[in-house]
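Subject: Model for your review

Dear colleague,

Please find below the model we spoke about, followed by some notes on its architecture. I would be glad if you could read them alongside the coordinates.

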Amino acid sequence: MGDSITCIPDAETVELFNDRRAISELIDQILSLAFDAGLKDAAIFAVRLAIEEAITNAFVHGHSQLGNDVPVTVEYKVSKGDIQIAIEDQGPGFTPEALPDPTLVENLSKPFGRGVMLMKAYMTEVLFNARGNRVKMRYLAS
Amino acid sequence: MSDSRLKVSKINEITQVEFIDRNILDEANIQAISDEITAIIEQESCPQLLVNFANVDHLSSAALGALITINNKTNEKDGTLRLANIDPQIYEVFVITRLNKLFKIHETLNEAVDEFNAAAN
């Protein structure tokens, strides 16, 4: 699934609903695979943070005009030192390039707008499809 | 009514808030935490608020947003918010987002309390 930029060949695919327990279970499952594949501590922290932000963005922003019972699709592929995750929502998408820089002084006191920035800071690669409703993140252990 | 996600105590005139959850990720919980701390701020004329991050392993950008809102509300009442005991990995999140420039952050609880006391004298 996904375009050529955000495609993850041979990925596991899960339909995820906006339920805290389901979200936590899926993330724990992915991170357990990541741990077994050799990722430790700091890397696990980074991947957890990025996945949480991406899933939150999908439901809170991507599905803001949709019902709470509309799922997102999560794809993941874990191999030694390489974690790939894609999250696709069913919303209209957005323009990631138009996001303001939350680290600017004038934006520091704003309580929102840091999710994508954190995803990019902690993952090796973050790519959006053209529509902006699908993000692929990759963590490559150094 | 949902159970509180906070443990609130007093150190002299300072209100200390500690988190019950190790992971502050869930939007609903974060909103509840923000509402509870806001209620504390509103009850005090000049809130001296210390948020103790001991035992917190993970937090999301939504949690950062809630802290910013709390900081803004504390400032509006000429109060002071200090954060302490932040795990190094979480502190890095504050650095990456430059929120270490916005918040008063202390390595230890004692350091934060000393700063509150110094400001009061």
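Chain A is made up of 3 helices and 5 strands, where helices (H or I, at least four residues) and strands (E, at least two) are DSSP runs numbered from the N terminus. Their order along the sequence of chain A is β-α-α-β-β-α-β-β. The radius of gyration of chain A, taken over C-alpha atoms, is 15 Å, close to the 14 Å that the globule rule (2.2 Å times the number of residues to the power 0.38) gives for 142 residues, so chain A is as compact as a globular protein of that length.

Please keep in mind that this is a predicted model, in which local features need pLDDT of at least 70 and side-chain atom pairs count only at pLDDT 80 or more, while totals for chains, interfaces and linings use all residues. Residues are numbered from 1 along each chain as its sequence is written, and chains are lettered from A and ligands numbered from 1 in the order in which they are written.

Along the principal axes, the C-alpha atoms of chain A fill a box of roughly 40 × 35 × 30 Å. Of its 142 residues, 36% count as buried, a residue being buried if 20 or more other C-beta atoms, placed from the backbone, lie within 10 Å of its own, exposed if 12 or fewer do, and partly exposed in between. Among the contacts in chain A between residues at least 6 apart in sequence, 68% join residues at least 24 apart, two residues being in contact if their C-beta atoms, placed from the backbone, lie within 7 Å.

Within chain A, the axes of helix α2 (residues 41-62) and helix α3 (residues 115-122) come within 9 Å and cross at roughly 150°; axes here are lines fitted to C-alpha atoms, for helices over the stretch in contact, and angles run from 0 to 180 degrees between N-to-C directions. That makes α2(A) roughly antiparallel to α3(A), since angles over 145 degrees count as roughly antiparallel, under 35 as roughly parallel, 65 to 115 as roughly perpendicular and the rest as oblique. On the α2(A) side, the residues that make this contact include Leu49(A) and Glu53(A), and on the α3(A) side they include Leu118(A) and Tyr122(A). By class, the residues of this contact divide into 7 nonpolar, 3 polar and 1 charged, with Ala, Val, Leu, Ile, Met, Phe, Trp, Tyr, Cys and Pro counted as nonpolar, Asp, Glu, Lys and Arg as charged, and the others, Gly among them, as polar.

Turning to chain B, there are 4 helices and 7 strands, which follow the pattern β-β-β-α-β-β-α-β-α-β-α along the sequence. Its C-alpha trace spans about 40 × 35 × 25 Å along the principal axes, and buried residues make up 36% of the 121 residues in chain B. Helix α1 (residues 27-43) of chain B packs against helix α2 (residues 61-76) of chain B at an angle of about 15°, with their axes 10 Å apart, and that makes α1(B) roughly parallel to α2(B). Among the residues of this contact are Ile30(B) and Ile37(B) of α1(B), together with Ala66(B) and Ile70(B) of α2(B).

Finally, the contact between the chains takes 21 residues from chain B and 20 residues from chain A. On the side of chain B that touches chain A, the largest share, 8 residues, comes from α2(B), and that side has 9 nonpolar, 8 polar and 4 charged residues.

With best wishes
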